Each structure stands twice: as C-alpha cells, then as structure tokens.
Amino acid sequence: FMAYGTAATLACCEWLCSWVEGKSLSELENCNIDFVLQQLDLDKLSQHSAQLVVDMLQSALSVSQVSH
C-alpha cells in the first residue's frame with residue numbers, strides 16, 4: 001500500500017495488515033492501544049500512531065457488523 005506518515009504510523013499500519021490475517025472477529029475486537037504498543041515495542045511517544053490503527057480497526061469492524 002502507499003501511505004504517508006511518520007515511521008511509527010507506517011509501522012503500525014503494516015503490522016495491523018499482517019496481524020489481522022486469520023484472526024476471528026473476537027480476537028480483532030480485543031485489539032487495543034496497549035497491545036499494539038507492546039507488539040511493536042513502541043514507546044508512549046508513539047501512542048498516537050498506535051491509536052490511529054486501533055481506531056481504524058474498530059471502524060472497519062463496526063462497518064463490517066452493519067453490513068452483515
């Protein structure tokens with residue numbers, strides 16, 4: 001994918017794209033900012049980047065539930 005942003009944001013997006021593969025909806029719903037920070041070994045300064053991908057995932061899940 002093509003994206004612009006900080007290195008932390010791009011890393012979070014790349015990680016999320018890989019991580020969601022093969023996960024159940026319940027596993028995806030449990031993804032939170034602390035989990036992303038831990039998985040990527042990011043410090044609290046990168047919290048905004050992690051929050052962006054968590055918000056993106058939650059938004060995608062809510063759209064998915066509405067369409068089913």
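Trainee: Which residues do ring pairs link into a cluster?

Mentor: In this predicted model, W15, W19 and F35 form a cluster that is linked by ring pairs. The structure as a whole holds 3 aromatic pairs.

Trainee: Why is the pair of W15 and W19 called stacked?

Mentor: A pair of aromatic rings is described by the distance of the centres and the angle of the planes. For W15 and W19 the centres are 5.3 Å apart, and rings pair if their centres lie within 6.5 Å. Their planes stand at 20°, and planes under 30 degrees apart count as stacked. The pair of W15 and W19 is therefore stacked.

Trainee: Where do W15 and W19 lie, and how many residues apart are they?

Mentor: Both belong to helix 1, which covers residues 7–19. W15 and W19 are 4 residues apart there, about one turn of the helix. Both W15 and W19 are buried.

Trainee: How many disulfides does a search of the whole structure find?

Mentor: The search finds 0 disulfides.

Trainee: What makes the sulfur of C12 too far for a bond?

Mentor: The closest cysteine sulfur, in C13, is 6.9 Å away from the sulfur of C12, whereas a disulfide needs the sulfur atoms within 2.5 Å. The sulfur of C12 is therefore too far for a bond. For C13, the closest cysteine sulfur is in C17 at 6.7 Å, so that distance is also too far for a bond.

Trainee: Why is C13 called buried?

Mentor: C13 has a relative accessible area of 18%, and buried means under 20%; C13 is therefore buried. C12, with a relative accessible area of 0%, is buried as well.

How values were computed:
Residues numbered from 1 in each chain as written. Predicted model: local features only at pLDDT ≥ 70, side-chain atom pairs only at ≥ 80, totals over all residues. Heavy atoms only, no water. Phe/Tyr/Trp six-rings, centres within 6.5 Å; stacked < 30°, edge-to-face > 60°. Helix = DSSP H or I, 4+ residues; strand = E, 2+ residues; numbered from the N terminus. Buried < 20%, exposed > 50% of the residue type's maximum accessible area, 1.4 Å probe, protein only.
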